[in-house]
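User: Could you take me through some features of this structure?

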Amino acid sequence: MRLLSLFLASSFLVAGFSQAANAKDQLTIYTYDSFTADWGPGPQVKKNFEEICDCELNWVAAADGAGLLNRLKLEGKNTQADIVLGLDNNLLAEARDSKLFVKSNADLSNIKLPEGFSDEYFVPYDYSYFAVIYDSEKMKNPPRSLQELVDDVDGEKIVLQDPRTSTPGLGMLLWMKAVYGENAEKAWEKLNKRVLTVTPGWSESYGLFTKGEVPMVLSYTTSPAYHIIAEGSERYKAIPFDEGHYLQVEVAGVTTKGSENPLSAKFMDFMTGPGFQDVIPETNWMLPAGKTSKPLNAGFDKLITPEKALILPSEEIARNRKLWTDEWLSAASQ
């Protein structure tokens with residue numbers, strides 16, 4: 001019995017050492033669901049990073065970018081996230097004020113954005129402009145300005161996203177505020193007469209659009225690139241609006257919990273280079289914010305380039321986000 005016990009104990013000890021030897025360091029990143037989808041950048045980014053880190057990268061998906069900050073706030077210091085990837089420039093002040101992120105200390109020399117970027121906590125990884133995408137086979141004369149979209153209350157329908165849960169939805173809220181200012185609520189009352197439905201996130205609304213249930217959808221100036229490159233079709237087009245287009249810059253930040261994980265800093269530096277940036281254009285269908293190893297596909301040359309970029313300070317957004325959301329809700333109830 002004693003020999004058997006000794007044998008079993010030694011077997012368990014060897015097994016324990018074997019498991020410990022095989023275990024890899026872990027990095028947990030919260031992001032939005034389309035990023036981690038099979039057709040999104042997540043799988044290839046994971047593969048590329050794991051090849052250089054000898055670690056395991058774990059994605060945890062939320063419904064949409066705006067939901068990431070809400071989730072992190074609910075979890076607080078108990079979060080499992082080392083990094084949150086998928087916030088944007090509109091949420092920077094609110095994210096900093098949460099005290100749940102640390103300064104990145106990342107090298108931003110590879111970062112190039114149309115309006116520049118400066119933030120100690122967050123690192124940009126892609127960008128685009130919000131746009132109304134229309135089906136050119138169903139609409140021959142789409143609105144050419146935000147004002148025309150708003151004022152034609154009997155015009156064809158559009159599908160939008162909820163600004164409380166969706167980063168494009170929040171982007172539309174800010175686009176309206178940037179153009180209409182104090183008159184935004186009245187403009188919303190008009191525009192809502194054209195809204196077929198409001199979805200929680202981008203995926204649901206774009207799905208309705210491509211299924212032919214609505215001829216217009218809020219998306220990005222870069223969205224048609226997917227149809228051009230992947231489908232060989234120029235059917236879906238972004239409308240250049242006279243007032244300009246609201247700029248979105250997507251960012252990632254290291255959490256206070258993640259600051260204790262050496263892999264966090266390694267990933268943030270990796271994110272600005274070709275191993276990450278080469279994946280973005282034809283999977284996330286946004287423009288790369290960092291260094292790529294090759295030029296973009298020629299399909300991107302067919303996209304509109306807004307002449308005017310609209311953007312509001314994130315501090316102003318943090319102070320007024322609830323008020324502006326309440327204006328939208330009030331207008332929607334009319």
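User: Are Cys53 and Cys55 buried or exposed?
Analyst: Both Cys53 and Cys55 are buried, where buried means under 20% relative accessible area, exposed over 50% and partly exposed in between, with a 1.4 Å probe and protein chains only. This is a predicted model, in which local features need pLDDT of at least 70, side-chain atom pairs count only at pLDDT 80 or more, and totals for chains, interfaces and linings use all residues. Residues are numbered from 1 along each chain as its sequence is written, and side-chain values use heavy atoms, with hydrogens and water left out.

User: What do Cys53 and Cys55 form?
Analyst: Cys53 and Cys55 form a disulfide, with their sulfur atoms 1.9 Å apart; a disulfide is a pair of cysteine sulfur atoms within 2.5 Å. The count comes to 1 disulfide.

User: Which handedness does the link of Cys53 and Cys55 have?
Analyst: The link is left-handed, with -85 degrees about the S-S bond.

User: New topic: how many aromatic pairs are there?
Analyst: The whole structure holds 20 aromatic pairs. Rings of Phe, Tyr and Trp (its six-membered ring) pair if their centres lie within 6.5 Å; planes under 30 degrees apart count as stacked, over 60 as edge-to-face and the rest as tilted. The ring centres of Phe267 and Phe276 are 6.1 Å apart and the planes are at 85 degrees, so this pair is edge-to-face.

User: Where are Phe267 and Phe276, buried or exposed?
Analyst: Phe267 and Phe276 are both buried.

User: Which residues form the aromatic cluster with Phe267 and Phe276?
Analyst: One aromatic cluster is formed by Tyr32, Phe35, Phe49, Trp59, Tyr125, Phe267, Phe270 and Phe276.
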